[in-house]
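Here is a short tour of a protein model, meant to be read with the structure open beside you.

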Amino acid sequence: MDIDHLRQAMNELGASSVPFLWGVDYELSKGFLIQKPLETTSLLWNIKGVGNDSALRNIRRKISLREETPPEPEYREKFATVRQGLMRGDSFLANLTVASRVTPDCTLEEIYASVKAPYKLLIPGQFLCFSPESFVRIQSGHISTYPMKGTIDASVPDAADRLIGDYKELCEHFTIVDLMRNDLNSVAADVKVSRFRYIDRIETHNGAILQTSSEIIGRLSPEKAHSFGDIILPLLPAGSICGAPKPATLRLISQAESQKRGWYTGVFGYFDGNTMDSAVMIRCIQRAHDNNLYFHSGGGITVNSVCEEEYNEITAKIYLPQNT
């Protein structure tokens with residue numbers, strides 16, 4: 001489905017309080033929309049316990065995932081391109097991502113059944129997402145967003161204090177919160193940051209990690225509170241996975257990454273007839289044109305970033321948040 005038709009359908013179904021599931025890729029080149037999503041068999045999904053995957057919910061297995069991260073010199077070239085743009089003033093913060101080839105010892109369906117995440121999506125044989133990051137939630141005339149920036153291995157001594165006290169992470173988080181606040185201001189009124197840099201703990205197959213997020217909330221006008229296409233699609237791509245200022249940063253990212261992201265870092269969501277909830281599609285495994293599977297990961301780059309540390313971060317983000 002093209003974006004214009006997706007926007008129109010989201011507006012019409014929202015105004016009629018008809019439940020639907022939807023998704024759009026990072027490049028805003030394609031999307032999907034499914035009515036009666038609890039009955040669909042074309043894909044699997046679950047958002048905070050609601051979904052069409054009941055047949056898989058009792059499946060548990062420990063998964064082995066062999067990974068081949070791009071060589072550090074290759075990453076260093078991409079990092080240098082981004083840093084040059086930052087030094088020119090093209091961007092204050094740019095989210096640089098890479099794709100690491102992975103070989104799991106099971107199917108994508110088995111991984112889907114065995115991972116734990118608030119937002120899960122499987123396009124059979126092609127794409128798997130198990131995202132911890134909310135995008136926007138719309139309910140009772142209000143819109144909220146939850147940008148996630150800042151990650152650390154929970155086993156590091158004083159990990160929480162180090163994460164909160166990290167100057168580079170603080171600058172990155174401020175930038176994204178400011179960007180998302182400005183984005184919400186374009187569709188809502190009385191926008192404010194209701195929670196700043198709270199910490200979530202995520203258990204993975206490689207141990208626990210800590211991540212910081214913030215909550216931003218605004219008020220929608222009654223006449224447009226259910227025009228979901230007009231509210232959400234203009235906010236894309238999500239600020240947390242590109243950077244600021246957005247237009248120039250998107251050009252810089254395209255130059256550095258030199259390949260399309262596809263569904264990775266797109267957005268998907270579910271409207272139940274009352275509440276719209278959506279997620280940024282991070283933590284993803286995607287099948288490429290060479291028929292291999294790739295785990296996508298990335299991190300925000302600022303002028304204070306150190307290449308080696310950023311490379312280690314993209315490696316640390318290759319994880320499966322498995323059920324226990």
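## Helix H8 and the chain around it

On the face of H8 turned away from its buried side sit the exposed residues Glu308 and Glu309. Keep in mind that this is a predicted model.

Which residues of helix H8 are buried? In this helix, which spans residues 307-316, they are Cys307, Glu310, Tyr311, Glu313 and Ile314. Looking down the axis of H8, you will find these buried residues within an arc of 155°, so they line one face of the helix.

What do the buried residues of H8 pack against? Their partners are two kinds of element, listed here:

| Element | Residues |
|---|---|
| Helix H2 | 72-88 |
| Strand E6 | 93-104 |
| Strand E11 | 148-153 |
| Helix H5 | 167-185 |
| Strand E18 | 293-301 |

Now for the wider view. The protein chain has eight helices and 18 strands, and its C-alpha atoms fill a box of roughly 50 × 45 × 40 Å along the principal axes. A compact globule of 324 residues would have a radius of gyration near 20 Å, and the 19 Å of the protein chain agrees with that. Of the 324 residues, 57% count as buried.

Among contacts with a separation of 6 or more, 70% come from residues 24 or more positions apart. The accessible surface of the protein chain is about 13,900 Å², with 49% of it belonging to carbon and sulfur atoms. Finally, the mean positions of the 34 positive and 39 negative charges lie 1 Å apart.

Technical notes
Residues numbered from 1 in each chain as written. Predicted model: local features only at pLDDT ≥ 70, side-chain atom pairs only at ≥ 80, totals over all residues. Heavy atoms only, no water. Buried < 20%, exposed > 50% of the residue type's maximum accessible area, 1.4 Å probe, protein only. Helix = DSSP H or I, 4+ residues; strand = E, 2+ residues; numbered from the N terminus. Arc of directions from axis to C-beta. Contact = heavy atoms within 4.5 Å. Rg over C-alpha atoms; globule rule 2.2 N^0.38 Å. Areas by Shrake-Rupley, 256 points an atom, 1.4 Å probe, with all protein chains shown as cover. Lys, Arg positive; Asp, Glu negative; His and termini not counted. Charge placed at Lys NZ, Arg CZ, Asp CG, Glu CD.
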